[in-house]
Amino acid sequence: GQTHGREKLIYEFALVWAPDTGAYVAGRSLGSHKLAPKLSPGKTREAAIGGALFCLLWAVCGGEYAFRVNVTQLGWLVLVSFIAGLASIVGDLGISLFKRLSGLKDSGTLLPGHGGVLDRVDRLFAATPVFTLGIWMAGLLR
C-alpha cells in the first residue's frame, strides 16, 4: 500500500495552491509587467515568479514531512514539485485560452466569482500527471 498517502495527497493539493497564493501576493504587491495580456489580462510576470517561489518554499517546507525523504531525495522532490508548479501555471493559462477562444468570461456559474469550476481545478489537472510521473521517476512513489 501507499505509505503516508494522505500526507502526499495534501502535499500535492497545497503544491497546486502555493503558486496560486504566491502569484496573488506577488502580483498584488509587485505586479506591473503583463504575462499574457490576450489570454489573461490580470496575470503578471511578477505574479508568475512569486508563484514559482511559493511553490519552491512549499516543496522544501512540506516535502520532507509528506514524503519522509533524505536530503538527496528532497532535492529531487523540490525539482519535481517546481516543474509541476510550472505546469499548474500553464494549466491555468490553458483554461484562460479556451475561455477566450469561446468568448466566455467564466467556465460556469456553480462557483460565482471564481470563474467557474474549471478555474478551481485547471491547475490540478495540469500539475497532477506531471507530479505523479516525476515522483515515480525519482523513486519517491512508495
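Let's start with Thr-44, which sits in strand β2 (residues 40–44). Keep in mind that this is a predicted model.

Is Thr-44 buried or exposed? Thr-44 counts as buried, because its relative accessibility is 7%, and the cut-off for buried is under 20%. What does Thr-44 touch, leaving aside residues up to four places away in sequence? The list is Gly-27, Gly-31, Ser-32, His-33, Lys-34 and Leu-35. The side chain of Thr-44 also has a polar atom 3.1 Å from the backbone nitrogen of Ala-47.

Now for the rings. How many aromatic pairs turn up in a search of the whole structure? There are 5 of them. One of these is Phe-67 with Phe-131, an edge-to-face pair with 6.1 Å from centre to centre and 75 degrees between the planes. This pair ties together distant parts of the chain, since its two members are 64 residues apart. Here are the two partners side by side:

| Residue | Helix | Relative accessible area |
|---|---|---|
| Phe-67 | α2 (residues 45–67) | 1% |
| Phe-131 | α4 (residues 117–137) | 2% |

Phe-67 is buried, and Phe-131 counts as buried too. Why do they get that label? Their values are 1% for Phe-67 and 2% for Phe-131, so they fall in the buried class, which is under 20%.

Arg-68 lies over the face of Tyr-65, 4.5 Å from the ring centre.

How values were computed: Residues are numbered from 1 along each chain as its sequence is written. This is a predicted model: local features need pLDDT of at least 70, side-chain atom pairs count only at pLDDT 80 or more; totals for chains, interfaces and linings use all residues. Side-chain values use heavy atoms; hydrogens and water are left out. Rings of Phe, Tyr and Trp (its six-membered ring) pair if their centres lie within 6.5 Å; planes under 30 degrees apart count as stacked, over 60 as edge-to-face and the rest as tilted. Helices (H or I, at least four residues) and strands (E, at least two) are DSSP runs, numbered from the N terminus. Buried means under 20% relative accessible area, exposed over 50%, partly exposed in between (1.4 Å probe, protein chains only). A charge sits over a ring if NZ of Lys or CZ of Arg is within 6 Å of the ring centre and within 35 degrees of the ring normal. A polar contact is a pair of N or O atoms within 3.5 Å; within protein, one must be able to donate a hydrogen and the other to accept it, and residues adjacent in sequence count only if both atoms are side-chain atoms. Contact means heavy atoms within 4.5 Å.
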